[in-house]
Amino acid sequence: MSALSIKDDKLPGRSSSGDPIDVLKLRVLLAFLNEAPKVCTVTGFSNLFGEGKQKMSRLLITMEKEGLICRENVRNPQLTAYGLELAKRFDDRYNVVLNHL
């Protein structure tokens with residue numbers, strides 16, 4: 001099981017140890033939903049978030065190990081079903097917060 005859990009007995013956005021999800025990881029998940037596929041690459045994320053390519057590459061490798069993305073084609077990573085479900089859940093919560101501001 002990955003570090004992120006979407007089971008009802010766990011809080012989404014918390015790792016199994018109870019630590020908050022990494023903000024950059026959350027931003028990447030949301031970018032997969034909201035950005036064009038050509039942006040969803042190491043270089044695209046690096047430019048979008050102002051982070052180094054090396055950092056983004058390591059993050060995508062970690063996300064793959066957690067089962068959030070599939071990198072069969074390394075230059076074109078895709079969300080897995082688990083990653084898509086988690087990203088949609090975060091996107092819904094993000095929109096609820098924005099609508100209440």
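Mentor: A salt bridge here is a side-chain nitrogen of Lys or Arg within 4 Å of a carboxyl oxygen of Asp or Glu. Keep in mind that this is a predicted model.

The whole structure contains 2 salt bridges. One joins Glu-51 to Lys-55, with 3.3 Å between the closest N and O atoms. That distance falls inside the 4 Å limit, so the pair qualifies. Glu-51 is partly exposed, at 26% relative accessible area. Lys-55 is partly exposed too, at 38%.

Glu-66 pairs with Lys-25, and their closest N and O atoms are 2.9 Å apart. Glu-66 sits in the loop between H3 and strand S1 (69-70), while Lys-25 belongs to helix H1, so this bridge ties together parts 41 residues apart in sequence. Both Glu-66 and Lys-25 are buried.

Lys-25 also leads us to Met-63. Setting aside neighbours within four places in sequence, Met-63 is in contact with Lys-25, Val-28, Leu-29, Leu-68 and Ile-69.

Next, the core. Which residues have the most contacts inside the largest nonpolar core? They are Val-28, Phe-45 and Met-63, in a core of 20 residues. H1, H2, helix H3 (53-65) and helix H4 (81-99) each give two or more residues to this core. H1 gives the most, with 6 residues. In soluble globular proteins, nonpolar side chains tend to be buried together.

On to the rings. A search of the whole structure turns up 2 aromatic pairs. Phe-32 and Phe-45 are both buried. In the other pair, the ring centres of Phe-45 and Phe-49 are 5.9 Å apart and their planes meet at 15°, so the pair is stacked. The cut-off for stacked is under 30 degrees. Phe-45 and Phe-49 are 4 residues apart in helix H2, or about one helical turn. Phe-45 has a relative accessible area of 0% and is buried. Phe-49, at 13%, counts as buried because the limit is 20%. Together, the ring pairs link Phe-32, Phe-45 and Phe-49 into a cluster.

Last, H4. At 1.5 Å a residue, its 19 residues should span 27 Å, and its end C-alpha atoms are 27 Å apart, which agrees. Tyr-82, Gly-83, Leu-86, Ala-87, Phe-90 and Asp-91 of H4 are buried. These residues cover an arc of only 160° around the axis, so they lie on the same side of H4. The buried residues of H4 pack against H1 and strand S2 (78-79). The face of H4 turned away from its buried side carries the exposed residues Ala-81, Asp-92 and Asn-99.

Methods: Residues numbered from 1 in each chain as written. Predicted model: local features only at pLDDT ≥ 70, side-chain atom pairs only at ≥ 80, totals over all residues. Heavy atoms only, no water. Phe/Tyr/Trp six-rings, centres within 6.5 Å; stacked < 30°, edge-to-face > 60°. Buried < 20%, exposed > 50% of the residue type's maximum accessible area, 1.4 Å probe, protein only. Core = buried A, V, L, I, M, F, W, Y, C linked by side-chain atoms within 4.5 Å. Contact = heavy atoms within 4.5 Å. Expected span 1.5 Å × (residues − 1). Arc of directions from axis to C-beta.
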